[in-house]
Amino acid sequence: MGIDGPPPTAGAPGRVRVRAVYPGSFDPFTPGHLDVVDRARALFDEVVVLVAVNSSKNPGADEQERAAAVRAVLPAGWTSVTVAAWRGLTSAYCLRHEAGVIVRGVRNTTDLQAECRLAAMNQSLGVATVFLPAQPELAAMSSTAVRTLGKLPPRSG
């Protein structure tokens with residue numbers, strides 16, 4: 001509750017809209033990625049899934065093809081979510097496209113340590129990072145594991 005009453009709701013006068021960027025190589029886009037996007041869209045006004053080029057990875061498809069694959073699995077009703085392909089620093093994309101925050105999913109403490117280093121760098125460049133922990137049933141899944149197995153594991157429940 002704000003000093004003068006409840007905080008303004010989405011679209012209310014005086015409320016700042018927040019665009020978030022969820023970057024990754026997404027090779028392939030997994031159920032864990034989809035879950036992070038779903039939770040991010042509940043927190044932010046807009047979410048951009050940023051299909052990035054990572055020089056240390058050798059994806060099976062170029063960033064445009066991976067972006068198209070991500071678009072294909074996003075539910076049609078998720079109108080606040082867009083997908084973009086990008087070559088360059090995530091912080092540069094954020095600054096150029098007025099995105100105020102980077103969203104990162106973390107599966108374990110190893111992920112968190114690496115992500116904290118990146119978050120510190122991005123903060124120094126003017127962009128904050130929000131971490132969303134993986135749902136326990138999705139924490140063991142990685143794009144690398146899925147790619148190695150050649151298919152997504154069956155969903156439980």
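Okay, so two strands count as paired if DSSP finds at least two bridges between them. Helices (H or I, at least four residues) and strands (E, at least two) are DSSP runs, numbered from the N terminus. What we have here is a predicted model, where local features need pLDDT of at least 70, side-chain atom pairs count only at pLDDT 80 or more, and totals for chains, interfaces and linings use all residues. Residue numbers start from 1 along each chain as its sequence is written, and side-chain values use heavy atoms, with hydrogens and water left out.

Five strands make an open sheet, ordered 3-2-1-4-5, with parallel pairing. At the edges sit strand 3 (81-86) and strand 5, each pairing on one side only. Further in, strand 1 (residues 19-24) is joined to strand 2 (residues 46-52) by six bridges. One spot to look at: arginine 19 stands opposite glutamate 46 in strand 2.

Now, helix 4. Which of its residues are buried? Buried, by the way, is under 20% relative accessible area, exposed is over 50%, and partly exposed is in between (1.4 Å probe, protein chains only). The buried ones are Asp111, Glu115, Ala119 and Asn122. Looking down the axis, they fall within an arc of 65 degrees, so they line one face of helix 4; the arc is taken from the directions from the helix axis to the C-beta atoms. Turned away from that side are the exposed residues, including Thr109, Gln113 and Arg117. Among the things covering the buried residues are helix 3 (90-96) and strand 4 (101-106), with contact meaning heavy atoms within 4.5 Å.

And just after helix 4, glycine 126 has a positive phi of about 100 degrees.
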